Amino acid sequence: MNSQTTGLRVASIVFALFALGHILRLIKHAQVIVGTHHIPMVVSVVALIIAAGLSIWMWRLSSKT
């Protein structure tokens, strides 16, 4: 396994962990407050889609090399 493959797999796992965090927020309806602003749940939905997509994409790239 070369370093590029390893890097892509590590990045894929990191993005997968972020996606899992957003899934947990959506399941538990956890409120996120930054300063005095409440972050709506739709932000986690968008972030989940992006993080999951990047995770899958990077894992597939690591498998091709």
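## Aromatic rings

Let's start with the rings: the count of aromatic pairs in this structure comes to zero. The model you are looking at is predicted. In general, a pair of aromatic rings is described by the distance of the centres and the angle of the planes.

## A nonpolar patch on the surface

Trp-59 also belongs to a nonpolar patch on the surface, which it forms with Ile-13, Leu-17, Leu-20, Ile-23 and Ile-27. Together these residues have about 590 Å² of accessible area. Helix H1, covering residues 3-28, gives the most to the patch, with five residues.

## A buried arginine in the helix

Arg-25 lies in helix H1 too. This residue is called buried because its relative accessible area is 9%, under the 20% limit. Leaving aside neighbours within four places in sequence, Arg-25 is in contact with Ala-30, Val-32, Ile-39, Pro-40, Met-41 and Ser-44.

Look next at the loop between H1 and strand S1 (32-34), where you will find His-29. With a relative accessible area of 56%, His-29 is exposed.

Its backbone deserves a glance as well: His-29 has a positive phi of about 55 degrees, although it is not a glycine. Most residues other than glycine have a negative phi.

Note on methods:
Residues are numbered from 1 along each chain as its sequence is written. This is a predicted model: local features need pLDDT of at least 70, side-chain atom pairs count only at pLDDT 80 or more; totals for chains, interfaces and linings use all residues. Side-chain values use heavy atoms; hydrogens and water are left out. Patches are made of residues with over 30% relative accessible area and no salt bridge: like charges are joined within 9 Å, nonpolar side chains (Val, Leu, Ile, Met, Phe, Trp, Tyr) within 5 Å. Accessible areas come from the Shrake-Rupley method with a 1.4 Å probe; for residues, only the protein chains shown count as cover. A salt bridge is a side-chain nitrogen of Lys or Arg within 4 Å of a carboxyl oxygen of Asp or Glu. Helices (H or I, at least four residues) and strands (E, at least two) are DSSP runs, numbered from the N terminus. Rings of Phe, Tyr and Trp (its six-membered ring) pair if their centres lie within 6.5 Å; planes under 30 degrees apart count as stacked, over 60 as edge-to-face and the rest as tilted. Buried means under 20% relative accessible area, exposed over 50%, partly exposed in between (1.4 Å probe, protein chains only). Contact means heavy atoms within 4.5 Å.
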